[in-house]
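Let's walk through this structure together, one part at a time.

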Amino acid sequence: MARKSIRAWPCAVRYVRPVSTPRTASVVGGGPAGLIAAEVLARAGVTVTAYDRMPSPARKFLLAGHGGLNLTHTEDRDGFLARYGDSAERLAPMLDVFGPADLRDWCAGLGEQTFVGSSGRVFPRSFRATPLVRAWLARLADLGVRIERRTRWTGWTDDGLSLTGVDGQETEVLSDVTVFALGGASWPRLGSDGGWVGPFADRGVTVAPLRPANVGLRVGWSDTFADRFEGTPLKHVELTVRGRPGVQGDAMVTRAGIEGGPVYAIGAAARDALDADGRCVLQVDLRPALTVDQLAERLQRRRPKDSTSNWLRRTLGLDPVGIALLRESGASALPTDPREMAALVKEVPVVVVATMPIEKAISTAGGIAWSEVDDALMVRRLPGTFVAGEMLDWEAPTGGYLLQASFSTGVVAAHGALAWLER
Ligand SMILES: Cc1cc2nc3c(=O)[nH]c(=O)nc-3n(C[C@H](O)[C@H](O)[C@H](O)COP(=O)(O)OP(=O)(O)OC[C@H]3O[C@@H](n4cnc5c(N)ncnc54)[C@H](O)[C@@H]3O)c2cc1C
């Protein structure tokens, strides 16, 4: 993809042109996409009210911080964009408006310096989201943003938004512009449950079905395998689906299947295969650093008294879970021929029967189709209505790409809203 920087502002959050007349905005959804949109709008002097159905905003962002908040990534621009697959072209200008360096600056402005981990991933120094969210909410309050909690958006009235408070009371809210950032449908207990799909679809907006992304895969392990290896990592393996590029890393055997970074990274390919064929065969390369020839050569050194396990452990350094996976792969008797065994070690077939449910997914694929929004993220058939974050139809692997796109789209939607107010 050609590099073209269209950076129009030193920082698209801090440098915002004030609106010329008093204006009001509703931001519906208080995750990272909604809150950054609220910040931009408030900095322009717009009176902003944000609504969230939960007792406190940004719950998923806070949870993301539990395992070490991976905010963004330092990968080069082309590599970064490639993570968004088919959505890369639409997201590219938005990442130019508010990209990884901007996100890091913005964090520093809230007192949270960031650092780059060994894999190029970016984390806040504290590793957590709590200090960042605390400082951010204080800043939003200073900017005059009002956050209405326990307030659920349920649809539209003739002139405005229909919101239901904790008392079940329905109220109509009128504002000059609206930004929706209601998230996907993963981890619904944190707030985003995909309940927005119906009202948007009723208005004729095309929404691609919400599906689990960055999620574990379900495998019908034998009881013996699951009992012995649940919670055991398959270290330094490479996973491939349907001839797509393999992904290396550590995967984790769970009671019901397999989880972990490389599993999430091949998740979309696994989903496609499951859709097409009802099943998906995951190929696990237990020794990605060696070729079949190299493995076969090592396997020639079998001693006469070696059991199969000893042979594999001694010549290839396979650990018990790797050896059990070979047995689990369906071969009643493992090959004794070195070349046949080498081929199996490079491509252990694991039959995936389903993805884990969306409730357990880290993120959501699907959402409002790109064709429904203009470059400023305004819904074409709903003038004055903008959308951002995981509500849009994009997906990306873990590694900071999810939060980055949520922030970037939030900033762009807010700038779009400001331009629309000043049109
Ligand atoms: C366990 C876990 C770990 C993660 N770790 C990372 C990570 O390290 N790095 C990374 O990049 N990404 C990570 N993510 C993904 C990241 O958190 C999301 O991509 C991001 O939060 C999406 O932002 P959003 O603003 O679009 O939606 P959300 O954060 O989901 O926010 C949407 C908000 O809308 C509110 N809402 C929903 N419906 C309504 C309604 N009808 N009325 C009113 N309010 C409503 C919700 O309560 C919620 O507060 C993680 C996700 C999970 C689940």
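Sorted by class, the shell around the ligand holds 18 nonpolar, 14 polar and six charged residues. In this predicted model, the ligand is surrounded by 38 residues, and the closest of them are G29, G31, G183, G191 and G389. Which helix gives the most to the shell around the ligand? That is helix 2, with five residues. You can find helix 2 at residues 59-64. Helix 1 (32-43), strand 7 (152-156) and helix 15 (401-421) also supply at least two residues each to the shell.

Helix 4, which covers residues 88-97, packs against helix 15 with the two axes 9 Å apart and at an angle of about 80°. Because of that angle, helix 4 counts as roughly perpendicular to helix 15. On the helix 4 side, the contact is made by L91, M94, L95 and V97. Helix 15 answers with A405, S408, T409, V411 and V412. Taken by class, the residues of this contact are seven nonpolar and two polar, with no charged ones.

Now zoom out to the whole chain. How is the chain divided into domains? Domain 1 is made of two stretches, 24-212 and 364-421, while domain 2 runs over 217-355. Between the C-alpha centres of domain 1 and domain 2 there are 38 Å. Where the domains touch, domain 1 brings six residues and domain 2 brings six residues. The side of domain 1 that touches domain 2 comprises three nonpolar, one polar and two charged residues.

Finally, a word on confidence. The chain has a mean pLDDT of 94, with 97% of its residues at 70 or more. Where does pLDDT stay under 50? Look at residues 1-9, for which the model has eleven contacts beyond four places in sequence.

How values were computed: Residues numbered from 1 in each chain as written. Predicted model: local features only at pLDDT ≥ 70, side-chain atom pairs only at ≥ 80, totals over all residues. pLDDT = per-residue confidence, 0-100. Contact = placed C-beta atoms within 7 Å. Near = placed C-beta within 6 Å. Helix = DSSP H or I, 4+ residues; strand = E, 2+ residues; numbered from the N terminus. Nonpolar A, V, L, I, M, F, W, Y, C, P; charged D, E, K, R; others polar. Axes fitted to C-alpha atoms, helices over the stretch in contact; angles between N-to-C directions. Parallel < 35°, antiparallel > 145°, perpendicular 65-115°, else oblique. Domains from an automatic or database assignment.
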